[in-house]
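I opened a new page for this model. My notes follow in the order I looked things up.

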Amino acid sequence: MIRSAALAATLALASFAAAPAALAQSGKVTVVTSFSKDVTDPIKAAFEKANPGISLDVQNRNTNAGVKYLDETRSNPQTDLFWASAPDAFEVLKSKQLLQKFTPTAEGIPDKIGAYPINDPDGYYFGFAASGYGIMWNTRYVGANELPEPKEWNDLAAAPYYDHVAIASPARSGTTHLTIETILQGEGWDKGWQTIKDMAGNFQTITDRSFGVPEAVNSGQVGYGIVIDFFAFSAQGSGFPVKFVYPTVTTVVPANVGIVANAPNTENAQKFVNFLLSPAGQEVLLEPSIRRLPVNPAVYAKAPEGYPNPFTDPRFKSMTMFDVEKSGKRTAVVDTLFDQLISFQLDDLKSVTKSIHEVEGKLKAKDNPQARALIKEARALIGAVPVTEEQASSAEVRAAFSGGKEKGARQAEIEQQWASFAKDNYAKAKAKVAEAAALAN
Amino acid sequence: MSLAFTQAPARRWRVPGTTGQIALALGLAAFLLAFLLVPVGSVIYVAFTEKGSGSFTLINFADFFRTDLFMRSFWNSAYVSAMTVVLASLFALPLAYITTRFEFRGALIIQTLGFVPLIMPPFVGAVAMQLLFGRNGSVNLLLNEYFGFRIPFMEGLNGVIFVQAIHYFPFILINLSAALRNIDRSMEEAAQNLGSSGMRMFRRIVLPLAMPGYVAGASLVFVKVFDDLATPLLLNVKDMLAPQAYLRVTSIGLTDPMGYVIAVVLIVVSVLAMWVSALALRGRDYATTQRGGGGLAKRTMRPWEQVVAYGVVGLILALVLAPHLGLLLLSFATIWSFSPLPDGFTVAHYARVFGESSVYIKNTLIYASIAGLIDVVVGTAIAYLVLRTKLIGRHWLDWAATAALAVPGVVLGIGYLRTFYDIRLPDGTPLATMWIVLVIALAIRRLPYALRACYAALQQISVSLEEAAENLGATKPRTVRRIVVPLMMGGILAGFVTSFATAAVELSATLMLVQSNADAPLAYGLYVFMQSAAGRGPGAALGVIAVVLVAACTLLSQYIIDRNQKTTGAAR
């Protein structure tokens, strides 16, 4: 029995092994992407129509897994292109020499969008669509709970939003990382963290993938989500009852495409990049299920009414200048701080925040300066960060997160220090609020 | 796996086994080494290296115990796993007992339906559950409107316990049912002749004899929940061990040893749990010699008993199948947002997936059946070696295979890329890009399920049956083929079905190893759809197709078990 079963399995293997391998043919180009089918399908169709004989093979992986995959398969690449949102992922690939240089033929694409350069200055990757960060909300949820509509990041820290907000963890979502970094750069390190932590006290959940947030907002499980714009626009395009706003402190960042070093079909890969940046390729971005902002200003002439245009809309001009180098240096530190101070301490942080909201509510009815001072101290304790801006990008702190190359502090040690810093501070803040509550009664 | 059973000559050296058994053991060891230990080792050795120098150290484990977050996660995981076993038993015991002990119309359907929760397609399943049981799911929206309160089904650790119990109780159901069917009627008759009946007989005779099946199921549930990361992550519970390992390995901790330290802790706890469950059964004999009536006598129920039985079964099924009902609704829904029911219904989602899903379906069926087949062959072989031979180190095979349960899919996926990517096929493509590597990864991930089922089945067979066959001149391989395997058939099929069904919806290793759309299974197709707002409906439709497909295959194998038992029963 065992032997015959094993034999049958072997035979089955042999007969099936032949089938998929036969697919290999010359007119092909393989792309690794984090984009959903709704984005890739229309572009694939348009590309194949414009380039008959070439078929586009799409491999879906999330951004981190895609980077890891290219790294593990570098000895003999089977893929030609990497195609994803987060510019820092492309920086990582470039620094690991996993991309190759190319000069696209496309014309009419400016150097910058907002304050952000569209293409890699060294020619390793190219922006093809722009995205900004903001707040989306479910109108039914907000209506049913009689909640306000937010305009700025700070609004989300107000009492009515308690337990109604969702965000993805910046460590897992390249786009949320940029949002957090934008706030930190726009408002400054200390004030930025205060804003983030004040908001965080109102979080209902912190999801572990970017799409978890719009999914929760779309289905009405949470009211508000901190997301990249196209999540909201494509949800609107599919008919979900959601709205979106860009706060003043935000930035527009390009989503990119790059050709893999030693790609097996380099020539076809170049054709794809050229197509994506051509007017024909840019127009596909306007489809309701995609809804990204083209980088070719001329294409906006064909956009439906009310489509945001970062090249003419004055809001986008005032948006924050984004320092890629600064962000790149402290990526791991910022993400780990967020997780250790917020994600893994969320219950404590929420419970203090809730009491603060209650006390502040009472103080509105009957003021008490002493209680107000205590609340202010409590807020300062909550907002405190265990490292300064200089330390965050200093060599010794960064070394702890860079893997096993240098001796020094271990990641786990530093994390434990930061976690207990936050835990102590939240406990102290809680005590201050309790004191204030006694005074306010 | 072409391990030939060489004819064992009668000469016996001091070696405690026949050459055939030794060859089999070595073959299995090589298989596990090549496809589990080496790939996983290539990733997690980092746990034992010192930062900076790369030399051997245990400091990282000290860090693990010094970190509050990890200790909190550890105890949370242990608590959730234990409570899930309790709740899952509450779901599984009545279903298994009623359907195997009584003449119960629709027993076959119930056995199949009770199994369906195991087939929860990734992502869509989560969305469907949130839409039903979430904070603003159908149930809570209605409760809030009419009664002004909500029940936090899906919040915190208790939410994890609730969802895990619904998801994994079939492990207990399927193993316990197989064990109950395997009890010989003569045992029951003997008890009746001695004046025992009713609950007393159940407590003293039936349940103890079915213990191997229950323990196999319960230990699987415990370990699976301990190692599972999908459910905690879907509920955004992060302070449990498996999510901690996953979150680190997939983000900043990729090069940091801590993620792998947690993986090692997971593996150690899993193996320990299996060892404890084996200990619990040790020193007792669960085997029955006679093979008479083919399973327990089925009693007809009195009318009031019928009412109670149908009520209980209906209630449990309604609860555990609710997520699938939600999935079905979602697949026909236009927009479903903050409302008890969708705004409207459409079949457009099915039309959209119809064209492209056939390749996914074909791949899934091929991959999952081969993986299931590999699992039962390896599982039966390991169970046989552990229970029937005295080979030195045979338990290591069992433990190594069990450890697979605790290896995060991502770690296995990266390990496979590392180990097999540089092995080139004649045409220059790397071995790791062949779809068969994905199948082996699936088989390794699901091996523990099949192994436990085969193990429990073999525990219930008395060794004297084999001795009798050998006394009559049968060789060892012939005895295995003609006596052991046929008697284990129920357990083997249970193992196949579990491996097959869960492999069909496996995602994490799949995502790392899928090389092209043409080679992708259903779970990958689902992932691709579930990244966008417009993909939710088609994703749900694909999920429904996956569930129906796997359930149909399950029904088929249940039917075969039933028919087999009837024919073997009748033949005697």
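The model is predicted, and I read it as such. Is Lys317(A) buried or exposed? I found 11 C-beta neighbours inside 10 Å, so Lys317(A) counts as exposed; the cut-off for exposed is 12 or fewer. I then checked Lys317(A) against Val333(A). They sit 16 residues apart in sequence, and their C-alpha atoms are 29 Å apart in space.

Next I took chain A as a whole. I logged 18 helices and 13 strands. Its radius of gyration is 25 Å, close to the 22 Å from the globule rule for 441 residues, so I noted chain A as being as compact as a globular protein of that length. Along the principal axes, its C-alpha atoms fill a box of roughly 80 × 60 × 50 Å. I put buried residues at 52% of the 441. Of the contacts in chain A between residues at least 6 apart in sequence, 79% join residues at least 24 apart.

Then I turned to the interface. Here 72 residues of chain B contact 73 residues of chain A. Which helix of chain B gives the most to that side? I found helix 14 (residues 348-388), with 7 residues. By class, the chain B side has 36 nonpolar, 24 polar and 12 charged residues.

Last, I looked at helix 7 (residues 156-182) of chain B. Its 27 residues reach 39 Å from first C-alpha to last, close to the 39 Å expected. I saw a bend of about 40 degrees at Ile166(B), with Pro170(B) following within four residues. Helix 7 of chain B is mostly covered, with 24 of its 27 residues buried.

Technical notes:
Residues numbered from 1 in each chain as written. Chains lettered and ligands numbered in written order. Predicted model: local features only at pLDDT ≥ 70, side-chain atom pairs only at ≥ 80, totals over all residues. Contact = placed C-beta atoms within 7 Å. Helix = DSSP H or I, 4+ residues; strand = E, 2+ residues; numbered from the N terminus. Nonpolar A, V, L, I, M, F, W, Y, C, P; charged D, E, K, R; others polar. Expected span 1.5 Å × (residues − 1). Bend = angle between axes of the 7 residues up to and from the residue. Buried ≥ 20, exposed ≤ 12 C-beta atoms within 10 Å, placed from the backbone. Rg over C-alpha atoms; globule rule 2.2 N^0.38 Å.
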